[in-house]
Amino acid sequence: MYSTQEPDAGTPLRVSQQLVTLQIDGVPVTVPAGTSVMRAAFDAGVRVPKLCATDHLEAFGSCRLCLVEIEGRRGFPASCTTPVEAGMKVTTQSDKLAKLRRNTMELYISDHPLDCLTCPANGNCELQDMAGVVGLREVRYGSEGENHLVGTKDTSNPYFSFDPTKCIVCSRCVRACEEVQGTFALTVEGRGFQSKIAPGPTGFVESECVSCGACVQACPTATLMEKSITEMGQPDHAVVTTCAYCGVGCSFRAEMKGSQVVRMVPNKNGQANHGHSCVKGRFAWGYATHPDRLKHPMIRAKITDPWRVVSWEEALRYAAGEFRRIQEKHGRGSVGGITSSRCTNEETYLVQKLVRAAFGNNNVDTCARVCHSPTGYGLKATLGESAGTQNFDSVDAADVILVIGANPTDAHPVFASRMKRRLRQGARLIVVDPRRIDLVRQPHVEAEFHLALRPGTNVAVLNALAHVIVAEGLAKDDYVGQRCDQPEFETWRRFILQPRNSPEALEEATGVPAERIRWAARLYATGGNAAIYYGLGVTEHSQGSTTVMAIANLAMLTGNVGRPGVGVNPLRGQNNVQGSCDMGSFPHELPGYRHVSDPTVRELFSTTWGVPIDPEPGLRIPNMFDAAIDGSFKGLYVQGEDIAQSDPDTRHVSHALESLECLVVQDIFLNETAKFAHVLLPGSSFLEKDGTFTNAERRISRVRKVMPPLAGYADWQVTLELAKALGYPMHYEHPSQIMDEIAALTPTFAGVSYERLERLGSIQWPCNAKAPEGTPVMHVEAFVRGKGRFVVTEYVPTSERTTRKFPLILTTGRILSQYNVGAQTRRTHNAVWHEGDRLELHPHDAENRGIRDGDWVSVRSRAGETTLRAQVTERMQPGIVYTTFHHPESGANVVTTDNSDWATNCPEYKVTAVEVTPTATPSAWQEQFQRFSEAQAGLMPQR
Ligand code: SF4
Ligand code: SF4
Ligand code: SF4
Ligand code: FES
C-alpha cells in the first residue's frame, strides 16, 4: 500500500556551529548541538518508536514510547526531549526497553476502539504502525472500567471530523495549531486521565479554528481525519504540485486514487510553505470537478443568442476567422488578449506570444494591471528589478516587521503563520492599515504601533516616517553613500526634510498622531533588521506607484535591502501574478521586463518567433475598454480572468464588453465575463496540466498534471490550436519546451529548465550562469540597476474626496475562506464561512444611520449603487467602511470608481467616497444583474 507518511525525524532540525558526536547503538553520529537524541538516532538510520513527537513540532515528551538507555544515566529518558551530549552512549533497543514500550502501547490500545479494519486510517496510522513496531500482540486489559471509548464525533467542520474516542491526547494537534499555524484554537482540557482535546465549547466550525488542517496533518491517529479520506478511502499514489490560489505558492502532494484527488497534503519539502497550508489549498479543491465546469467549446453570433456546442476545431476556426475579419476591417490594432495570473508561466507566455506574433500588435495585458502593476513600476524605478527582494524564509531573521496595506492572515495565510511565529519569538511589529486587521492583536502577537491611517494617505505616512529618520539622524549614511545615487539622494533628502513632510504637518491628512509616527520611525530605523511587507492596500491607489517607491526609499535609507531579514516584500495576490508579469504580459514589455521599443530585444524575439515585433506599446486593459466603447477595439481573447467582476466600474466594463464583435473567453466556468462572450473555450484547472507558477518570492515551482483535462485540452494546448487557426503555428510537445524557449530569450530565466526544477525542487529567479541555483535575496552587493535611486514622492491627495453627499470612505479587500472573484471557492464548502460579502462599518457610523448588524444597506458612490448586508464592527474606524468582492451579485465594483494609479492605471479600489443607508431592496444594478444572469443561464445548453 502507498504510505502517506513521509520520513519523520521526530524533532525539529537544529542549526548550530557547534557539532556534537555521540554513539547510537554503537554507531558514531555527529549532529548540531541542541539536536535531540531521537533526531540523532534518525540521522544514524535508527528509528526510535514515537507517538507524540514529530519533526515539525517541538518535543513534548508525553507518550513515553521513545524511551532509551543512556550510559551513566539512571532510568529511561525520553529520546525526543533529551538533547545530545558529546560522548553520550545511547542504546535504543534492549529487552527492557522493548517491554516498557509494549506496556505503554498496551495501555494506549486498551483505551482505543479496536476497529482498525473499518477505520479510514487503516494502513496509514501511526498508532497502528507503532503497535506493530513494538511487537504488541495482545492486550491484557478489557474495555470495562473507565475509558474514552464513548464520545460524540464532531463533524461540524466541512472538511474534517474529530472523533474523540480515538484520541490518545498526544497534543500534537494542539502544538500544531500553536506553533505552526499560530491560531491557538485547541486546548487540552482537564488533567491526567480526564484530559481531552477541545476546540472550544461549540465544536470546530464555531471555534477560532481557521481550518488550515495543520492539526489533521499532525494527528497520528484517525481522531482528526479528512472527510474525503473517510468517503473515498486511502490514496494509492501522490504527485507533487503547487497551489493555484495565492501568491505564497505552497507546494502540495496531491494524494490520488487513480485520477481522483483524495486529499491535498502540504509538502514538507515545499520551500515556500515547509509543510504548512491554509484552508484554500488544503481543502478547497473540489471546484476542479464541480458540475459547473465547462466541458465543451461553444459559439454564438450575438450575446443574446443561445450557445451552440461545437467541436474544438469549429470553435477555434470561428474565433480565428472573427479575429482576422475584425483586423481586416478595423486594423491590426483592433484586437488583443488578456493573459491569466491563474495560468502557468508557459501558458501566459504563449498568450502574449500569440498577441505579438499572430495578432501582430502589443495589445496584451494581465490582471496585474488591477493589482501589482505599481510594484513592477516602483521597484524597477528604484531598485532596478520588478520583484520582491527576499525569500519568505528571510522573515525568520527580521527584528522589525512593518506591514502596510496587507492583511496576511486572510490573504497570505501560510506566510502569515510564519510571520506570527517570528513575532512570537520577539520580532516587533508595526501595522499601517485603516482597519484593525487580525495581526494588530492576535494570541501572543500584538503590534507595537498600529498606524490607522485614512485610506489614500499611504504616501503621506511613508514620507513622514522618512522625514523623522532623516531629521533625527537615524539614516544609514554609509549604506546610502556607498550604494545609492548621490545626486538623486540629495534631491530627495532636501524634499523629505521640508516641514510639510513632518508627521505633525501631515497629521490632519493621515489621521495618525504625529508622535506615533515618530516612534514607529525610530523603531523601523534602529530596531535591527527591518522588513517591509505590503499588499494591495499599497498598490490599488491613485498614488500606488509612488507608494511603492516611498517604501523602497525607506528601505534604502535605513540600509534594509540586500541581506536576509530585511527588504521590500510585495505579497502578491494571485498564484502566478509574478510569473504573468515576468512572461511579458504587459503591453510595453517583452518577457523579462524589456521594453518593446528596444530594437535589440525586438530583434531577439523576432528572430526566434519569425515575425516582426511592433515597436509601439499596446493597449492596457482600461484603454481596451475605452477603445471598445469608442469603436476602435473589437476583438478580445481572455484566458482565465474575470474582468467583468474584478475590474472597477462594472457598468463601464459591461458596456465595453457588449461593444465587442468577438469576445473569446477561455475559462473553467461560465464566469461573469463569459456572459458577454461569443466563443467559450473550456479551460483546465491546475490539476489538469503541466507547467510552472512563480510565487511572490520569485520562486518558480512545478505544476504537475494529476488528471486528464476535463475538456480534452490543457490551456496551453488551446492557445497553440488558436495560434494555428490564426495561421501562426507554434510547435511545442510539452510545456518544458516552452520553458526552454523562455530561458533562451530571458536573461533572468537563462538557467531555468524542468530538469533543474526537478533537481532543486524550485528556483528563485534570477537563475543564470551567475546564480545557477537561483537568487533567494536580491541586491546583495549592489542594486540590480547599479546605484539605488531615491525618487521624490510628493504626496498628492486623491481626487476621490468625501463630501456631505458621500461622507464615508469605502475600501475593499479579501477574506480567508474566499478567493478573489470567488469562482473557485464559492464552488466549495468554504461558503460555510462566507456565504456573502458584507459591508463592515463602525458602530458610530451604524448608529448615526439607524443600521443594525445584519441589516441590508445601500452603498452609493458617484459610480453606482449596490445593496449589501451590514456588519457592525470595531475593526473599522469611524468614517471608513469595508467590503470584500467575492460574490458577483454584491457588485462591489459597481461602486468603485475609474480613478487609477498615475503610472500604471492600477485602479483605486481602496478609496471610494460613499454613503450608506438602510434599505429593503436590491439596487437597480443588482436587479438588472439578476435578470441578465438568468437570461444567460437560459442560453446555456441543458446539462
Ligand atoms: S486529536 Fe490526534 S493529535 Fe490531537 S491529541 Fe488526539 S491523537 Fe493527538
Ligand atoms: S485546522 Fe488549523 S486552526 Fe483549526 S484547530 Fe487545526 S491547526 Fe488549529
Ligand atoms: S497560503 Fe496561498 S498558496 Fe498556500 S495553501 Fe493557502 S492559498 Fe494556497
Ligand atoms: S515520542 Fe518521545 S515521549 Fe512521545
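Mentor: Let's take the ligand sites, then the strands, then the rings and charges. This is a predicted model, where local features need pLDDT of at least 70, side-chain atom pairs count only at pLDDT 80 or more, and totals for chains, interfaces and linings use all residues. Residues are numbered from 1 along each chain as its sequence is written, chains are lettered from A and ligands numbered from 1 in the order in which they are written, and side-chain values use heavy atoms, with hydrogens and water left out.

Trainee: Which residues are around ligand 2?

Mentor: The general idea is that a residue is near a molecule if one of its heavy atoms lies within 4 Å of it. Here the residues around ligand 2 include Phe160, Cys177, Gln181, Cys209, Cys212 and Cys215. Helix 4 (172-181) and helix 5 (214-218) are the elements that give two or more residues to that shell.

Trainee: Which residues are the closest to ligand 1?

Mentor: Cys167, Cys170, Ser171, Cys173 and Cys219 are the closest of the 14 that surround ligand 1. By class, that shell has ten nonpolar, three polar and one charged residues.

Trainee: On to strands. How many strands does the closed barrel have?

Mentor: Two strands pair if DSSP finds at least two bridges between them. The closed barrel has six strands, running 31-35-32-34-33-36 with mixed pairing. From one strand to the next, the twist averages 45°. Angles like that run from 0 to 180 degrees between N-to-C directions, with axes as lines fitted to C-alpha atoms, for helices over the stretch in contact.

Trainee: What joins strand 33 to strand 36?

Mentor: Five bridges do, and strand 33 (residues 856-861) runs antiparallel to strand 36 (residues 912-918). Arginine 860 has glutamate 915 in strand 36 as its bridge partner, and serine 861 has valine 914. Strand 31 is also antiparallel to strand 36, with three bridges; leucine 808 stands opposite valine 914 there.

Trainee: Is strand 36 mostly covered or mostly open?

Mentor: For a residue, buried means under 20% relative accessible area, exposed over 50%, and partly exposed in between (1.4 Å probe, protein chains only). Strand 36 is mostly covered, with five of its seven residues buried. In strand 26 (residues 662-667), six of six are buried: Cys662, Val664 and Gln666 on one side, Leu663, Val665 and Asp667 on the other. Strand 26 pairs in the parallel sense with strand 25 (residues 635-639) over five bridges and with strand 27 (residues 679-682) over four.

Trainee: How many aromatic pairs are there?

Mentor: Rings of Phe, Tyr and Trp (its six-membered ring) pair if their centres lie within 6.5 Å; planes under 30 degrees apart count as stacked, over 60 as edge-to-face and the rest as tilted. By this rule the count is 21. Tryptophan 492 and phenylalanine 790 make a tilted one, 4.8 Å centre to centre with 40° between the planes. They lie 298 residues apart, tryptophan 492 in helix 15 (residues 486-496) and phenylalanine 790 in the loop between strand 30 (762-764) and strand 31 (808-813). Both are buried.

Trainee: Last one: which ring does the charged end of arginine 435 sit over?

Mentor: A charge sits over a ring if NZ of Lys or CZ of Arg is within 6 Å of the ring centre and within 35 degrees of the ring normal. For arginine 435 that ring belongs to tyrosine 882, 3.5 Å from its centre. Likewise, the charged end of arginine 483 sits over the ring of phenylalanine 783, at 4.5 Å from its centre.

Technical notes
Ala, Val, Leu, Ile, Met, Phe, Trp, Tyr, Cys and Pro count as nonpolar, Asp, Glu, Lys and Arg as charged, and the others, Gly among them, as polar.
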